Every structure is written in C-alpha cells, then in structure tokens.
Amino acid sequence: DITTNPTDIVLVLDRSGSMSGSPLANLKAGAKKFIDIIEESTDGVSDGEIGTGSRIGIVSFATVARQDTQLITSVSDLKAAVDDLQAEGFTNHADAFTEAVKLFDPSSANAKVIVMFTDGKTTVGGSASAITADARANGVIIYCIGLSGNDGIDEDALNDWASDPSSAYVSITPDDTALTELFEELAQNISKTGATDIVIDEQISPCFSILSVDSP
C-alpha cells in the first residue's frame, strides 16, 4: 500500500526516433495518467502534489539517456518533463537504466521501482543485463512495458531486465493506443494494497494423505 509504504518510482521513457508520431503522443498520455493515479492514491485528492513520502522521477533515453527530473512530488513539473520529450536518435537501454538507478538514494527507506518503456531493441550502448541484475539485487523492482514498433521488440531482453516472474512484470503490446491503459493498470497495481497473511483452512478427506506442500 503506497500510502503506508512510501515508494520512489522512476519512469524510464524511450524517445528514440522510432517513437515519432502517435507512439510518442500515446506514451506521453500514458505516463501522465500514471502520474495522476499515483498522486491521487497517496492522499485521496488531486491537489498537484504526490503525498505520504512517495516521489516520481523521469529519465528519458535515445542515443544517450538523461535525467529529466530528480525524484520529486510536483505533478506539474513531472508532466512538463514528459511533454518536453522529442523523438530522435538510437536506443541505449544500458545508459537508461544507469541514469535511473542514480536517482535512488541508497539511504532512503522508500521502496524503489523502475518502470521501463521501450519500443525497440538495443542499438547502441551494449547490454543492460548486468546493470538490471545489480539493481534487482539491491531491492529495486523493475517493470518493463514494450511496444512492438517499427524495430520490433526484444522480448527476451525485457524478461531478463524485469523482476520475476516476467508474467507479472512485463507487458508487450503491438498497439500504441493501448499504452494509456497499460500505464493506468500498472499505476493501480503499484499503488493499491495487496493481499497478505493468507490462510487456507481446508478439511482433507481421510481418503487422502498430504505428502508435501510447496509454498507459492
């Protein structure tokens, strides 16, 4: 529950040349919807500020990555950074993850989440596998959203970068108009309380013997 467990979220957004046109427009709409949902979930009202200690930062990438904002609470500043994105250049995922990890404060008790969006395969900068593995080992949760656009998408790479299981942390769509919905669902997943301390109370027929139990 994001209201009782403050979370630092870095949105890592692809602005490479293949994003030009409707993909970038729909990415911007999705990212801004994500910001709105996180903001409202932290204090119950739309007041322009992310509350209860949570923050969002923006990193965008093409041939090189840049930190468009630090981890901040101002919704207007976050949306302005998203609106300023322009599509150009190649695709450097390693630099993108490097800049995203730099935003986190190692001394902060906040949960740490990266949401990576990309529409293509790595074309410059080499593999991001070691960077993402180190981030996950240090407690960073990684979600990956893929748009199978002009350059295709490397599904194996997204599965490698994301937290396990990939069925819960990776989503790929061929349709850029679906991006708003994907970002909306992800924001709701991150912000809402999940079930804990589940107990199954079942009487087993004497016809059966339990040989072993595997925890999910």
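Predicted model: local features only at pLDDT ≥ 70, side-chain atom pairs only at ≥ 80, totals over all residues.
Biologist: Which element gives the most residues to the largest nonpolar core?

Modeller: That core has 32 residues, and those with the most contacts inside it are L11, L13, F34, I56 and V115. Two or more residues come from each of β1 (7–14), α1 (22–43), β2 (55–61), α2 (75–83), β4 (111–118), β5 (140–147) and α7 (179–191). With seven residues, the element that gives the most is α1.

Biologist: Which residues does F34 touch, leaving aside those up to four places away in sequence?

Modeller: F34 is one of the residues with the most contacts inside the largest core. Once residues up to four places away in sequence are set aside, the residues that F34 touches are I9, L11, I56, V115, F183, L186, A187 and I190.

Biologist: How many residues has the other core, which lies apart from the largest one?

Modeller: Among the members of this other core are F104, I114, C144 and I153. Its count of residues is 25.

Biologist: Is F208 buried or exposed?

Modeller: F208 lies in the segment after α7, and together with I204, I210 and V213 it makes a nonpolar surface patch of about 460 Å². Since exposed means over 50% relative accessible area, and F208 has 60% relative accessibility, F208 counts as exposed.

Technical notes:
Residues numbered from 1 in each chain as written. Heavy atoms only, no water. Core = buried A, V, L, I, M, F, W, Y, C linked by side-chain atoms within 4.5 Å. Buried < 20%, exposed > 50% of the residue type's maximum accessible area, 1.4 Å probe, protein only. Helix = DSSP H or I, 4+ residues; strand = E, 2+ residues; numbered from the N terminus. Contact = heavy atoms within 4.5 Å. Patch = residues over 30% accessible without salt bridge, like charges linked within 9 Å, V, L, I, M, F, W, Y side chains within 5 Å. Areas by Shrake-Rupley, 256 points an atom, 1.4 Å probe, with all protein chains shown as cover. Salt bridge = Lys/Arg side-chain N within 4 Å of Asp/Glu carboxyl O.
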